[in-house]
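Subject: Structure handover

Hi,

Here is the structure I promised you. Please open it alongside this email, and my findings follow below.

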Amino acid sequence: MKIKSLWFALCTFFLLCACDESTSTLGIDLVPDSDLVSISSETFDVSLATIVADSVLARTSTSHLGNYTDPETGTTVHSDFLMQLNCGQNFEFPDSIQNNTCLDTYIRLYFENFVGDSLAPCRISIYPLNKVMSNSQSYYTDIDPSEYYDLSATPIATKTFTISDRTLSDSARYSSDSRRNIRVKLPNEIGNKMLAQYKANPEYFANGKVFNEHVNPGYYVKFEKGDGVMMDIYVGQLNIRFKYFAKSSTGRLDSLATGTTTFAATEEVIQATSIKKYNLEKLLNDKDATYLKTPSSLFTEVALPISEISINDTINSAKLIFDRYSAENTGADYNLPAPSYLLMVPKDRMYSFFENNEVPDDQTTYMSTFSTSNNNYSFDNIAHLISNMRKAHQDGIAHNPNWEIENPNWNKVVLIPVAPVYSTGSSNTSSYYYSYYYYGSSSSSSSNTVVGVNHDLSLTSARLKKNGVKLQIIYSKFKN
């Protein structure tokens, strides 16, 4: 009986201790960490290679237009785009348009950021789409525009221009109210046809979907001629100008006024950028460097030395730094900037990450900002990623001796230039901005929440040092 009583008392004691969270670690807290835990560090060589993606998901309202040959690397990238136009809910034209005809029909392509020679002569052509792009489909940068317009047709309009519009006066060109844009005159038949369609079937203008299906599928903007310039088109518009009779305060139509209706390419409809790239072979075989180039889709693949890392110790910290070579002096006036943000993602997820609208979780995916002062990208703690890969490797080979062969990307990640979308944190409304349209330091945006990540399709380039990259690991383990 005494033994049974003693056993019961011990069980009760341990049960009470287990339930008391405030005292359960009291013994450990009173002992210095150095007496229980040993800390060690180790570095490992990391293997880098340049890879090229055949295409990337172009989920962005920004389109890219131009042709640019990089003087540093000799690579060329060419970009055109297809744009749909949105129609506001229950849109209405004035019911008193003079003669039911328009005065002017034109497209404006607005841009702020560009790279290259502002005086380089360029020419674009506009083609109407004959097929509606589907909102249920994901469009990649290898989209074939010929599937959406008539290859045998002549363009409905062409425009020769320079970015620095010399048709404007200096005061107009440098005015604070001026917004850079390319204005392309279209045949008035396009505007007149839309006015007639509205009069016959106003329900076709109820929203963007029926507008695209029944009135206007959109346009293909083709960069026909020029080199040394690339523009980020942040909005495209179809404008129809007309005269109409305005109502007075008494409701009478007593004055003739001029109005303009705009159908804009917005986030609610599709903008699809078509990108072609040339002369990449030399970069893929560079023994001293790997490359990050957008929108050429050149990424850096990193093979992590997972099998060399101790399986008996806890990984407290893991750090990787990628140093960038300074741009070579080619004598060119226009140097491409380095990508502002890099995503580190497991290679097997380099497509699904974007398709599934994921954001970096600091567990298996990470984002780094380019440091201009250190000329590098630093991933300060990827311990979770290393630990997850190490466990997957252990479990995999324990059950299947061919696991590594069947999973060739098991220890690989890819560095991809990205354009994060930030929430401004407003309590009244959800507002967002893309990183390359936010004019401020990187640190000023760090207080906001990343709500989306898109491929960076602007013109950037970075040459990373291939040799001497080290994975720095800090371990901890309990002493025997």
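A residue is called buried here when its relative accessible area is under 20%, and exposed when that area is over 50%. Keep in mind that this is a predicted model.

Start with helix H5. By that rule Ile190, Gly191, Met194, Leu195, Gln197 and Tyr198 of H5 are buried. Viewed down the axis of H5, the buried residues fall within an arc of 160 degrees, so they line one face of the helix. The face turned away from that buried side carries Glu189, Lys193, Lys199 and Ala200, which are exposed. H5 covers residues 188-200, 13 residues in total. From first C-alpha to last, H5 reaches 19 Å, close to the 18 Å expected at 1.5 Å a residue.

Next, the cores. The largest nonpolar core has 39 residues. Leu65, Phe93, Leu109, Met231 and Phe263 have the most contacts inside this core. Two or more residues each come from strands S4 (76-83), S5 (104-116), S6 (122-128), S7 (157-161), S8 (181-185), S9 (219-225) and S10 (229-247), and from H5. S10 gives the most, with 6 residues.

Look at Leu109 in detail. Leaving aside neighbours within four places in sequence, Leu109 is in contact with residues including Leu65, Phe81, Met83, Ile124 and Ile182. Val221, Ile233 and Val235 are also among its contacts.

A second, separate core has 34 residues, among them Ala338, Ile386, Trp410 and Val469. As a general point, nonpolar side chains tend to be buried together in soluble globular proteins.

Now the cysteines. How many disulfides are there? The count comes to 0, taking a pair of cysteine sulfur atoms within 2.5 Å as the rule. Cys87 is buried, at a relative accessible area of 3%. Cys102 is buried too, at 9%.

Last, the chain as a whole. It has 11 helices and 23 strands. Of its 480 residues, 45% count as buried. Take the contacts between residues at least 6 apart in sequence: 81% of them join residues at least 24 apart. The accessible surface of the chain comes to about 24800 Å². Carbon and sulfur atoms account for 49% of that surface.

Best wishes

Note on methods: Residues are numbered from 1 along each chain as its sequence is written. This is a predicted model: local features need pLDDT of at least 70, side-chain atom pairs count only at pLDDT 80 or more; totals for chains, interfaces and linings use all residues. Side-chain values use heavy atoms; hydrogens and water are left out. Helices (H or I, at least four residues) and strands (E, at least two) are DSSP runs, numbered from the N terminus. The expected span of a helix is 1.5 Å times one less than its number of residues. Buried means under 20% relative accessible area, exposed over 50%, partly exposed in between (1.4 Å probe, protein chains only). The arc is that of the directions from the helix axis to the C-beta atoms. A nonpolar core is a set of buried Ala, Val, Leu, Ile, Met, Phe, Trp, Tyr and Cys residues joined through side-chain atoms within 4.5 Å. Contact means heavy atoms within 4.5 Å. Accessible areas come from the Shrake-Rupley method with a 1.4 Å probe; for residues, only the protein chains shown count as cover.
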